[in-house]
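My notes follow the order in which I looked.

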Amino acid sequence: MTAPVTTPPVCAEATLSCWFGRINVESEVPGLDDVIAAVLAPYFTLTPGHTLGAVTVRITRSARLPVSSSDLEAVRRTPQLWLNEDGPRFVLLDHGHDRMVLLRDAEEDSGPMLVTASRPAGHVHLEVYDERPQTVRALVRYLAFLVGAQLHHGGVPVLHGSAVARHGESVIMLGATNSGKSTLAFLATTLAGWDFVSDDTLMVWRDHASAPPRVSGWPRRLGISVGSLVGHPARARFEQATLRRYDGPVGPLPTPGASSWTREGRVRVYCDLDEFTAITGATVDQESRPRGILLPQADPTVRGWRVEPVDGVPPELAPVAGRNLRHFVDYLGVLPSSVADTVTRDAVLAGLAALPCARVRYGPDVNDDFPRFWADATAALATPAGVR
């Protein structure tokens, strides 16, 4: 009898890393390394070989996952862990001193996943039912979470902000949801010639006391508001694009009114970073040196824009906490025990607080004259501006 042919794991003996965060990855799911390169680059790197002492993540296919309606109804009656009221949801199947088993329920664009964390061994086993693209993307997002949890565990502050860079120096935009951070990052990248750094999440760190702080983005889907695409040269390309978030081409986008600037009325187009760069031709700066902070305030009643310097430390500079840290908290308890580097963390935040800062209030007509608007805003930070 002929022995069955075994396909070697695609990512066997590989290390996924970002700064000092590292996990060893072993996978039997084909195409995983390609999706890692597409979705996590350039923020993460995947290199051959394992790193001694890093958490090992083994990925396999399994037929034991509950996927039928009756199976799912049964597990929904067990204890559950919700990282957010809108998901994802984890069903708690086993929780002991040295082991935790969670079922990650299927989301709109991902399949179910069984997570078994063995704490003493520092090992995580991920089991999936199939190899569909949405399943592989869910795996990649979970790998990113494990690396991000290590960075946060080690003291790296997470900021709710966007950033763009030029010649290795970045402008950070901080503010509440719908304040206009992502819009300014999108327009500065596509209309003013700056490099894209991040759409909504920032990590800031330095390697030692004499090193300058550096800011990096985080791999997540970009949410581009329809309002920022009014009159934009890339609008038609977004409408014609087939993106991972959707079943087919995006199609005609609505013409936004004043309500599109509110949380309830805002419409966004969602795309991964590689899709964004392919559509717009934008370039990405993996990490840069922060040189100034803008505090945007999008206001549909304003004509033009107003830029005002800010004295003191703005409250928007506070690192995210609570539910906003759900993608960076080690709820599995598998990370190596270590003491967070609070000294470096405090020094990094103090360095950001010392940067020049300006508050900018702007209205919808900023789209029509964005290069001049951006020159005014960055001039308030004494930062070189203009189109490359």
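The entries below go from the ground rules to the sheet, the other strands and the helices.

**Ground rules.** I am reading a predicted model, in which local features need pLDDT of at least 70, side-chain atom pairs count only at pLDDT 80 or more, and totals for chains, interfaces and linings use all residues. Residues are numbered from 1 along each chain as its sequence is written, and side-chain values use heavy atoms, with hydrogens and water left out.

**The sheet.** I looked up the strand order first. Nine strands make an open sheet of mixed pairing, in the order β3-β1-β2-β4-β9-β8-β7-β6-β5. Strands here are DSSP E runs of at least two residues, helices are H or I runs of at least four, and both are numbered from the N terminus. Two strands pair if DSSP finds at least two bridges between them. Which strands stand at the edges? They are β3 (45-48) and β5 (80-82); each has a single partner strand, so one side of each is left without a neighbour in the sheet. From one strand to the next, the twist averages 25 degrees.

Inside this sheet I checked β1 (residues 14-18) and β2 (residues 21-27), which run antiparallel and are joined by five bridges. C18 has G21 of β2 as its bridge partner.

**Further along the chain.** I then looked at β19 (residues 357-362). It pairs with β17 (residues 287-298) in the parallel sense over six bridges, and Q297 is bridged to R361 of β19. With β18 (residues 305-309), β19 runs antiparallel, and five bridges join the two. There E308 has R359 as its partner in β19.

**Helices α1 and α3.** I found α1 (residues 32-39) packed on α3 (residues 133-153) at about 60 degrees, with the axes 10 Å apart. Axes are lines fitted to C-alpha atoms, for helices over the stretch in contact, and angles run from 0 to 180 degrees between N-to-C directions. What do L32, V35, I36 and V39 of α1 touch? They meet V136, R137, L139, V140 and L143 of α3, contact meaning heavy atoms within 4.5 Å. α3 also lies across several strands of the sheet, including β1, β2 and β4 (55-61), and runs at about 150 degrees to β2.

**Helix α4.** Last, I checked burial (under 20% relative accessible area, with a 1.4 Å probe and protein chains only). Nine of the 11 residues of α4 (residues 181-191) are buried, so this helix is largely enclosed by the rest of the structure. Among them are K181, L184 and F186. G193 follows α4 and has a positive phi, near 80 degrees.

Notes: Buried means under 20% relative accessible area, exposed over 50%, partly exposed in between (1.4 Å probe, protein chains only).
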